[in-house]
Each structure stands twice: as structure tokens, then as C-alpha cells.
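Take a look at the model below. We will go through it one piece at a time.

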Amino acid sequence: MAPTSWTAKTLLLMALGAPQAAGVALRRAHSSDADADVTTIRLHATTAAYAPRSGARPSLSLLSRASARRAQRGRTSARAAREVAYNTLRAQAQRIHALQYYGKVMVGTPPQTFTVIFDTGSGHLMVPSVRCDSAACEKHKRFHANESSTAVPIGWADDPLTPAKDDTDRDTMVVNFAMGDAIGQYVRDRVCLGGEKSFCATADFVEMTEESNNPFKDAEWDGIVGLGQSVSDAPEFNIFGVLAANSTPSMKMPVFAVYLGQDIQDEAEITFGGVRQERMAGPMTWVPVYTEGYWQFQFTDFLIDGKPMNMCNKYGKRQCQAVLDTGSSLMMGPHDDLGVILKALGFARDTQMNCTAGQKFPKLGFMIANKTFEMEPDEYMDRSADGHKAGTETCWAHMMPVGDTGRGPIMVLGMPFMRAFYTAYDVKQKRIGIAPANHKAAAKRDPDAVVEPLVALRPGG
């Protein structure tokens, strides 16, 4: 269990997409000794798909030189292919049921504030540059490096501490997204996460010099904060890793934690520097990161209404594998495995079917570190009577069968799982914490809270 003396920085996520506006608190929380100094800032939800699908690539003008530099790097073509495969799946999920949470990050001296996605499935901080004249950039806050006294242009990702001699000595990063792409260059500057009392440190990031209209032009956010376990070009680009090791004030626990409310209008939050006990309905279980890169862990079986499915032994010592991903709005898994699970849940042929109003569905469980973590039916599926005769409905599971992720058979546990469970990420001990989420606490308000109205948006505006 967590100690009671750290200072945690919490960003409160409130969802846009509800049919009515909801209130949101902007306050210093006093709910427990463990987070007496928590600073809470509201975040919002967006329905724009954005998943980055590949890593750094040189521009054509720098192709020959950059390829020589990259040949010195340990980033092999096989690893790049795995990242493309995995992130292509994330992009598919977002196109189907996109919903992402965003908040604030501050960059530079004096600080320039950006609205950003917090994504555990990617590895870089990316913000628009003032040098970007794309129509998409013009609609968003842009980073003015010349207005920051601490900004240093970086030449090459594999030499992240060496300033660029001039603009001809700078590598170019191209990132493909679900429906477009962006081009950027590397910068080193002061980065702060949190609210009134932010954690700040000097880190490397990407300033985007070109952006396609999709997904950027109409997005509610400016950029992305990648919180992946180890998918950055270099440790200096791992924003939370840098902050955990070198932040001012010092981070007592090198941990961030994610809480998502059950419904679109409910509170949700990302906490930096610790976990919040009141967000947990039971003890937290810690499991080690199984494979460096994403927040990946081992589990040993699926359960249907508590009954073991005995599906993981076929993978040998590896057992079943899962990744926690705030950038995925569905739960995705191998075709064969998910087909068995869907059938056991009552979905015989597909993730969607006609059902009766009174039809009951079983619980879906995961055996993690010899403990059972169960999802209620309304946590892994939805149902609607729209367009149906009385007593009949459409039922659909928030799941998607997928092919090879490039990392072997793996379950991508996106938002449905993360609404059911409070999750924590320890960058120092390389472990993941999972606890049943306490949604009753989500409705509580600090009596000293300042409540502001929140505008509700549906997909498409």
C-alpha cells in the first residue's frame, strides 16, 4: 500500500460527450492525508482519433545522413515494424469508438501552456511549433522557442543532450496517425506536469513543424504527452521518467495513476507522484512489466462468472499477455482467443447482436498475480433499445478481435478495463498496479470546491 507522506499532482478529467453539462471542481483536495496537497485541474474528453502509428523517420532531405546516424542506434527495423503493427490496431479502435481525455502541460521559461492527450501507449511529448504554418497548426497554441530562455534545439534523437549547430544539423521526425501525419524536430526545454504546484524538469520533446488537417485541425487538444514505459527514442524523451528522477519539487514516488469514471459525465483523473487511496475499492495488486516497451504484464487465465477458461497454458511460460493503454477505447485481443471469450459471454458470432431486454450476461474476469479481477457486464458491453420493438435491444461488446500486434498474442486493455479498475504505473520499479475502482468516491465533492460548468459535446461537435 502507498505511504501517507507524498505530494501527488492530480489532473481531474471531466468528459465531454454527455447529453447534459456537468460541474467540475478546481481545487486543492483535502480528502486524505496521503494527498492533502493534491492539486486538481479539470481535463476534458475528446472524440478525435489520433493514435500515432510509427516512430521517427527522416525527411527526404536528410535521408542519407539520418540513415547513417540511425544505423548506430539500437532501434532495429524489427522493433519499428512491431510498433507500426501495434499502433495500427490502436488507430482502428479509435476510429470505431474514439474517446480520449486531455489536460494541460507547460513548456518553456516563462511557461507556455498546451492542451494535450495523456497516452500510455506512446513515448513522446509533441506540441505544435510556431514555425508550423499548416492550417491545422494555426488553430492551436504553438510553441515559441525564441520566447523561452531555456529552449535548446537538439540535432539528433540518438544524441539528445547535444545542441544543434544550425537548422541543417537537425533530424526530422515523421509520425503517422490514424488519419494523417505530422513532422517535427527535437527541442530540449523545461517541462511541467500538474497544477498549482507542478513537477518540473528539463526534458527533450518534439515541436511539430507540419501537421495534416486530420486529426489535428478540429481537435480540442494541441498535442500529446506520451507516457509509455520505454518507447521513446532516448531516455531524455521519456517525460515522466525524467520528471520522476529529476523534478522540482522532488517526486516522492515515481508513479502516475489513472482513474476513469463509469459514465461519460463522471470525473476521471491522472495523478502524478502517487496514488489516491479513495479511488480504490480494494487493495492494489502490483505486477512486474513483462516486456520492456509498453505497460505490458502477464496474466494466467480468463474467467467467465468465476469459471477458469484454461486459455493461457498453451502459450507456455509466457502465459497470456496484456497492455494497459489509455489511447485505446476498446479491449482488443487475438482472433482465436477473443472468439472463445465472446462465445462464452453469449456473443456467438460477432461483437454485436440482437438481444432481449431481460437477457443476462456473465462477468468477465482476469487472473492477475493469482488474484481475480472481474468486470460486470455493463463494464464490458452496452445495450440500446433504439429502433427496436418493445422487449428487444441491440447488445454490443467493447471488444475487437485483431491479428498479430508484432509483440506476440496480446490483449490490449483500453478504456473499458480502465473504467473498472484503478491503475498505477511505477517507472522506477517497472511495475503496474491494479485495484478495483471506487466509483462511489467519484460523486463526492470537496465542500470548498469551486465548481465550473462544463460544456457537453457529442462526436462530431
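Glu 207 counts as buried, because its relative accessibility is 3% and the cut-off for buried is under 20%. Keep in mind that this is a predicted model. Find Glu 207 in strand S12, which covers residues 199-211. What is Glu 207 in contact with, leaving aside its neighbours within four places in sequence? The list is Val 127, Ser 129, Arg 131, Phe 143, Arg 170, Ile 183, Gly 184, Gln 185 and Val 187.

Now move along the chain to another glutamate. Glu 393 lies in strand S26, residues 392-397. Is Glu 393 buried or exposed? Its relative accessible area is 13%, so Glu 393 is buried. Its side chain makes a polar contact with the side chain of Arg 383, at 2.6 Å. Arg 383 is also among the residues in contact with Glu 393 once neighbours within four places in sequence are set aside.

Next, turn to a helix. H6 spans residues 335-345. Its buried residues are Asp 337, Leu 338, Ile 341, Leu 342 and Leu 345. Look down the axis of H6: these buried residues fall within an arc of 130°, so they line one face of the helix. On the other side of H6, His 335, Asp 336 and Lys 343 are exposed. What follows H6? Gly 346 does, and its phi is positive, near 110°.

How values were computed:
Residues are numbered from 1 along each chain as its sequence is written. This is a predicted model: local features need pLDDT of at least 70, side-chain atom pairs count only at pLDDT 80 or more; totals for chains, interfaces and linings use all residues. Side-chain values use heavy atoms; hydrogens and water are left out. Buried means under 20% relative accessible area, exposed over 50%, partly exposed in between (1.4 Å probe, protein chains only). Helices (H or I, at least four residues) and strands (E, at least two) are DSSP runs, numbered from the N terminus. The arc is that of the directions from the helix axis to the C-beta atoms. Contact means heavy atoms within 4.5 Å. A polar contact is a pair of N or O atoms within 3.5 Å; within protein, one must be able to donate a hydrogen and the other to accept it, and residues adjacent in sequence count only if both atoms are side-chain atoms.
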